[in-house]
Amino acid sequence: MFIVEAPVEKVIELDNQIFLLKIHCPEITRSIKPGQFVNVRVSETIYPLLRRPFSVCDVEGEYFYLMFNVFGEGTKILASKHFGDTVDILGPLGNGFNFNDDYETAIIVAGGLGAAPFPYLIREIGNDKNVLSFIGGKTYRDVITHGMKNITMATDDGSLGFKGNVIDLLNENIEVLNKSKIKIFACGPNAMLRALKDFSIKNNFECEASTECAMACGFGICQGCPIESTKNSEKYLLVCKDGPVFNVRDVII
Ligand SMILES: Cc1cc2nc3c(=O)[nH]c(=O)nc-3n(C[C@H](O)[C@H](O)[C@H](O)COP(=O)(O)OP(=O)(O)OC[C@H]3O[C@@H](n4cnc5c(N)ncnc54)[C@H](O)[C@@H]3O)c2cc1C
Ligand code: FES
């Protein structure tokens, strides 16, 4: 785990007010795995006090990207960064996706900004497996396709792609999913992850999900990020240390 004052290369604004922050940080890019995250101190001043956690969105050589929208004070500051500014990075943190398992097709399921960890996962899977991406959002503005492969989309209001949520979309495509041995990789709002857990158990699909909660330290000290475990041996796990990626069968989302 490193703490690095890393230079900002640039901020790229995608459609729909989604930002990519490109950061030069070989300490992170040398070892980070898809699904792991970094905890970012966005400002040199005391405010905002707490670091903000972000999945690593993609890695290119010694650079990595974060993907976010302007949500509160921290992301507002990040969006205004320029070449020559620095950000204080703590990472790599948490456990990433297990993508080298025995399966033929990776099914990416993303809701809104849950798209963030997948460009890097898809890059690392490479051509070893097939990849199908199922992406959902409330409206067309919330559908993020950056870095995705073989995309099928759903929106709640029908303004883009299938009308319905992304779980409805998976049910519509169940024959495609049953054609090969699949593993689902997911990230998105908790309601989506809960429904996806039920869907995966019902259809006997393997599924790992990146979960989110408010965090402080990011590495297991403050105990501020508990998630209920389904295993009898341990009542709670920590999202930052034991996750953020979990087998959906192991946790109560
Ligand atoms: C492991 C992990 C990975 C993440 N990856 C990404 C990512 O790749 N891209 C991205 O945009 N966001 C990501 N997030 C969420 C991100 O950390 C928060 O959105 C961020 O802290 C917002 O900072 P802010 O200062 O802009 O907003 P704040 O001022 O911190 O928050 C504004 C409001 O949102 C609430 N809030 C803040 N964070 C969360 C949260 N995690 N869950 C629920 N409510 C919250 C606050 O209580 C407050 O009311 C991730 C979170 C975790 C735990
Ligand atoms: S954020 Fe401190 S223990 Fe998880």
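Helix H3 is followed by glycine 126, which has a positive phi near 60°; helices here are DSSP runs of H or I with at least four residues, strands are E runs of at least two, and both are numbered from the N terminus. The model is a predicted one, in which local features need pLDDT of at least 70, side-chain atom pairs count only at pLDDT 80 or more, and totals for chains, interfaces and linings use all residues. Residues are numbered from 1 along each chain as its sequence is written, while chains are lettered from A and ligands numbered from 1 in the order in which they are written.

A residue counts as buried if 20 or more other C-beta atoms lie within 10 Å of its own, as exposed if 12 or fewer do, and as partly exposed in between, with C-beta atoms placed from the backbone. The buried positions of H3 are Phe118, Pro119, Tyr120, Leu121, Ile122 and Ile125. They pack against strand S5, strand S8 (105-111), strand S9 (130-137) and strand S12 (182-187), where contact requires C-beta atoms, placed from the backbone, within 7 Å of each other.

The largest nonpolar core contains 72 residues, a core being a set of buried Ala, Val, Leu, Ile, Met, Phe, Trp, Tyr and Cys residues joined through C-beta atoms within 7 Å. Those with the most contacts inside this core are Val38, Ile89, Ile108, Val109, Ala186, Leu196 and Ala209. In soluble globular proteins, nonpolar side chains tend to be buried together. Leaving aside residues up to four places away in sequence, leucine 196 touches Val109, Ile167, Ala186, Cys207, Ala209 and Val248.

With 20 other C-beta atoms within 10 Å, isoleucine 167 is buried. Although 29 residues separate isoleucine 167 from leucine 196 in sequence, their C-alpha atoms are 6.4 Å apart in space. With residues up to four places away again set aside, isoleucine 167 touches Ala195, Leu196 and Phe199. Serine 159, by contrast, belongs to the loop between strand S10 (151-155) and strand S11 (162-163), and counts as partly exposed because it has 14 C-beta neighbours inside 10 Å. Its contacts beyond four places in sequence are Thr139 and Tyr140.

The domain assignment, which is automatic or taken from a database, divides the protein chain into domain 1 (2-93), domain 2 (97-210) and domain 3 (212-253). Taken over C-alpha atoms, the centres of domain 1 and domain 2 are separated by 24 Å. Across their interface, 13 residues of domain 1 are in contact with 15 residues of domain 2. On the domain 1 side, strand S5 (58-60) and S6 are the elements that give two or more residues, and S6 supplies the largest share, 3 residues. By class, this side has 8 nonpolar, 4 polar and 1 charged residues; Ala, Val, Leu, Ile, Met, Phe, Trp, Tyr, Cys and Pro count as nonpolar, Asp, Glu, Lys and Arg as charged, and the others, Gly among them, as polar.

Ligand 1 is surrounded by 21 residues, the closest being Phe68, Gly72, Gly74, Thr75 and Ala116; a residue belongs here if its C-beta atom, placed from the backbone, lies within 6 Å of the molecule. Two or more residues each come from strand S4 (52-55), strand S6 (63-69) and helix H2 (73-79), with S4 giving the most, 4 residues. The shell divides into 13 nonpolar, 5 polar and 3 charged residues. Domain 1 and domain 3 both contribute to the shell, so ligand 1 lies between them.

Strand S1 (residues 2-13) pairs with strand S7 (residues 86-93) in the antiparallel sense over 6 bridges, and valine 4 has isoleucine 89 in S7 as its bridge partner. S1 also pairs with strand S2 (residues 18-24), again antiparallel, over 5 bridges, among them that of isoleucine 12 with leucine 20. The S1 and S2 hairpin has 4 residues between the strands, and asparagine 16 takes a positive phi near 60° there. Separately, an open antiparallel sheet of 3 strands has the order S15-S14-S17, with S15 (236-238) and S17 (251-252) as its edge strands.

Terms used. Two residues are in contact if their C-beta atoms, placed from the backbone, lie within 7 Å. Two strands pair if DSSP finds at least two bridges between them.
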